[in-house]
Amino acid sequence: MSNQPSWFSEEAGFFGPDYLVEYDEILPHKRTVTEVNFVEKVLKPLPDFKILDVPCGHGRHSIELAKRGYCVTGTELNQFFIAEAQKSAKADGVPIRFCQSDMRELDFCNEFDVALNLFTSIGYFDCDKDDVKFLAGVYNALKPGGQFLLDFVNLSWFTKNFKQKDWRKLSDDSFVLIEREYNIVLGRKIEKRTRIRSGVVKATASISQRIYSTNELVALAKGVGFHLEKSYGDFDGNPLNLASRRTILCFKK
């Protein structure tokens with residue numbers, strides 16, 4: 001049995017300081033505002049609603065929601081991200097409960113009115129059963145009638161726009177080389193990312209993520225008790241179709 005840490009663990013290094021540099025331009029504050037505006041428009045949360053953001057990453061959605069007055073709990077495996085989220089929340093003067101925990105081990109019961117899983121944040125694990133465990137934990141965390149919004153890359157868009165290799169220049173003047181494979185049989189995206197600065201390799205990371213189709217995600221959620229209420233293809237509220245970049249699914253307990 002391999003002793004290598006899971007690719008998504010803090011020890012593996014992908015979700016750390018380099019991640020924030022790599023995604024700095026991809027995740028501007030304007031995008032976060034647009035996404036939270038969409039959550040409010042579609043789910044229509046009341047001012048006293050309790051919201052679960054899982055995983056919350058470095059807190060961009062949790063903090064924007066808290067600024068709007070909601071009671072937010074963010075859960076995240078990565079201690080570095082938790083620390084970054086706490087620092088940002090403190091700077092913005094908003095109270096948020098951040099919990100360090102594995103998304104497969106949620107222990108809330110009938111506590112939340114809304115749960116969010118944003119930015120293609122499932123499928124990290126080797127086995128689909130782990131994603132089912134996560135979804136069941138979200139279901140249990142919600143009050144009866146609670147809503148769950150799941151945002152994932154649209155598989156049809158992903159396969160049509162698939163690139164085996166590309167380069168990006170980052171804000172710190174380094175470059176990242178991304179080399180991709182897509183295993184059709186397993187439905188998994190496999191990436192190798194190499195950070196290069198001044199011609200020297202500074203870091204590498206490997207990623208293996210299950211890329212679910214829309215009907216697979218719906219089936220998994222229904223399997224734990226959820227009912228699908230609405231679907232969208234982007235955060236502007238357009239219908240979901242083959243050309244949509246996102247699969248946004250709104251479920252109800």
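**Val-138.** I started at Val-138 and looked up its contacts in this predicted model. Leaving out residues up to four places away in sequence, I find that Val-138 touches Val-54, Leu-106, Ala-115, Phe-148 and Phe-226.

**Main core.** Next I asked which residues have the most contacts inside the largest nonpolar core. They are Val-138 and Phe-148. I count 41 residues in this core. I list strand S4 (112-117), helix H5 (128-141), strand S5 (142-153) and helix H6 (155-160), each with at least two residues in the core. Strand S9 (200-210), helix H7 (214-223) and strand S11 (246-252) also supply at least two residues each. Which element gives the largest share? S5 does, with 5 residues.

**Helix H3.** I moved on to residues 60-67, which form helix H3. Is H3 largely enclosed or open? Of its 8 residues, 7 are buried, so the helix is largely enclosed by the rest of the structure. I took buried as under 20% relative accessible area. The buried ones are Arg-60, His-61, Ser-62, Ile-63, Glu-64, Leu-65 and Ala-66. I note that charged Arg-60 and Glu-64 are in that list. What do the buried residues of H3 pack against? I found two helices, H2 (29-43) and H4 (79-92). I also found strands S1 (50-53), S2 (71-76), S3 (97-100) and S4.

**Whole protein.** I then stepped back to the overall figures. I get 7 helices and 11 strands. The radius of gyration is 18 Å, close to the 18 Å that the globule rule gives for 253 residues, so the protein is as compact as a globular protein of that length. Along the principal axes, the C-alpha atoms fill a box of roughly 55 × 45 × 40 Å. Buried residues make up 49% of the 253. Of the contacts with a separation of 6 or more, 62% join residues 24 or more positions apart.

**Surface and charge.** I count 35 positive and 34 negative side chains. The centres of the two sets lie 3 Å apart.

How values were computed
Residues numbered from 1 in each chain as written. Predicted model: local features only at pLDDT ≥ 70, side-chain atom pairs only at ≥ 80, totals over all residues. Heavy atoms only, no water. Helix = DSSP H or I, 4+ residues; strand = E, 2+ residues; numbered from the N terminus. Rg over C-alpha atoms; globule rule 2.2 N^0.38 Å. Buried < 20%, exposed > 50% of the residue type's maximum accessible area, 1.4 Å probe, protein only. Contact = heavy atoms within 4.5 Å. Charge placed at Lys NZ, Arg CZ, Asp CG, Glu CD. Core = buried A, V, L, I, M, F, W, Y, C linked by side-chain atoms within 4.5 Å.
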